[in-house]
Each structure stands twice: as structure tokens, then as C-alpha cells.
Amino acid sequence: MTEERSVQELRLGLYATPARAEEIKRRIEHLLCPDPDHAPPCPVPWSAMLLGLSTQEAREAYPELLGQAAAERDMS
């Protein structure tokens with residue numbers, strides 16, 4: 001029995017500079033499509049984007065991530 005396909009969303013929270021976040025996004029894109037020069041369409045349709053969050057939005061969406069970032073700052 002074949003499962004019906006639908007859009008699935010994978011979220012990844014990063015505490016990083018915009019440049020570092022862009023680099024990580026490029027690496028993830030390469031994992032999703034290791035041959036960006038292939039003829040379309042891609043065997044698994046996908047898209048990726050970066051979304052900067054305000055401090056309040058980040059606190060609500062990723063409290064554990066901000067806690068981890070604070071702990072790492074305190075250790076250095």
C-alpha cells in the first residue's frame with residue numbers, strides 16, 4: 001500500500017550569525033540535492049528558507065536553544 005504524499009515541514013532552530021546560518025542552509029540543501037546541476041525536476045521536491053526571528057519569537061519557539069546558547073556563553 002502506497003502512502004499518499006503531502007507537504008512535510010522540518011524545522012531547525014539555529015543560534016548563529018546570518019552568514020553562518022546561510023552556510024548551514026547551503027549544506028542542508030546539498031544533502032537534499034547532492035547534484036544541483038541535474039536536469040529538473042528534482043526526484044524529491046523541496047525548498048529551504050531562512051527566517052530570522054525577533055528575540056520574543058525566538059523565546060517562544062526555541063526556549064531550550066536560547067538556554068543552551070546562554071549556558072555556552074557563560075562557560076567561555
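Glu22 and Arg26 both lie in helix α1, where a separation of 4 residues places them about one turn of the helix apart. In this predicted model, the side chains of Glu22 and Arg26 meet in a salt bridge, with an N to O distance of 3.9 Å. Both partners are partly exposed, Glu22 having a relative accessible area of 28% and Arg26 one of 46%. Lys25 and Glu29, also 4 residues apart in α1, form a salt bridge whose closest N and O atoms are 2.9 Å apart. Glu22, Lys25, Arg26 and Glu29 are linked in a network of salt bridges. The count for the model comes to 6 salt bridges, one of which joins the side chains of Arg11 and Glu9 at 3.0 Å, N to O; here Arg11 is exposed at 63% relative accessibility, and Glu9 is exposed at 64%.

The 15 residues of α1 should span 21 Å at 1.5 Å a residue, which agrees with the 21 Å that separate the end C-alpha atoms of the helix. The buried residues of α1 fall within an arc of 105° when seen down the helix axis, so they line one face of the helix. Ala21, Ile24 and Lys25 are buried in α1, whereas Ala19 and Arg27 are exposed on the other side of the helix.

A nonpolar patch on the surface is formed by Leu12, Leu14, Ile28, Leu31, Leu32 and Trp46, which together have about 580 Å² of accessible area. Leu32, which lies in helix α1, is partly exposed, with a relative accessible area of 44%.

With a cut-off of 2.5 Å between cysteine sulfur atoms, the count comes to 0 disulfides. Cys33 is in no disulfide, the nearest cysteine sulfur being that of Cys42, 3.7 Å away; because the closest cysteine sulfur to that of Cys42 lies at this distance of 3.7 Å, in Cys33, the separation is too far for a bond. Cys33 is buried, with a relative accessible area of 10%, while Cys42 counts as partly exposed at 23% relative accessibility.

Most peptide bonds are trans. The peptide bond from Pro40 to Pro41, however, is cis, with omega near 0°, and Pro41 lies in the loop between α1 (18-32) and α2 (55-61).

Key
Residues are numbered from 1 along each chain as its sequence is written. This is a predicted model: local features need pLDDT of at least 70, side-chain atom pairs count only at pLDDT 80 or more; totals for chains, interfaces and linings use all residues. Side-chain values use heavy atoms; hydrogens and water are left out. Helices (H or I, at least four residues) and strands (E, at least two) are DSSP runs, numbered from the N terminus. The expected span of a helix is 1.5 Å times one less than its number of residues. Buried means under 20% relative accessible area, exposed over 50%, partly exposed in between (1.4 Å probe, protein chains only). The arc is that of the directions from the helix axis to the C-beta atoms. Patches are made of residues with over 30% relative accessible area and no salt bridge: like charges are joined within 9 Å, nonpolar side chains (Val, Leu, Ile, Met, Phe, Trp, Tyr) within 5 Å. Accessible areas come from the Shrake-Rupley method with a 1.4 Å probe; for residues, only the protein chains shown count as cover. A salt bridge is a side-chain nitrogen of Lys or Arg within 4 Å of a carboxyl oxygen of Asp or Glu.
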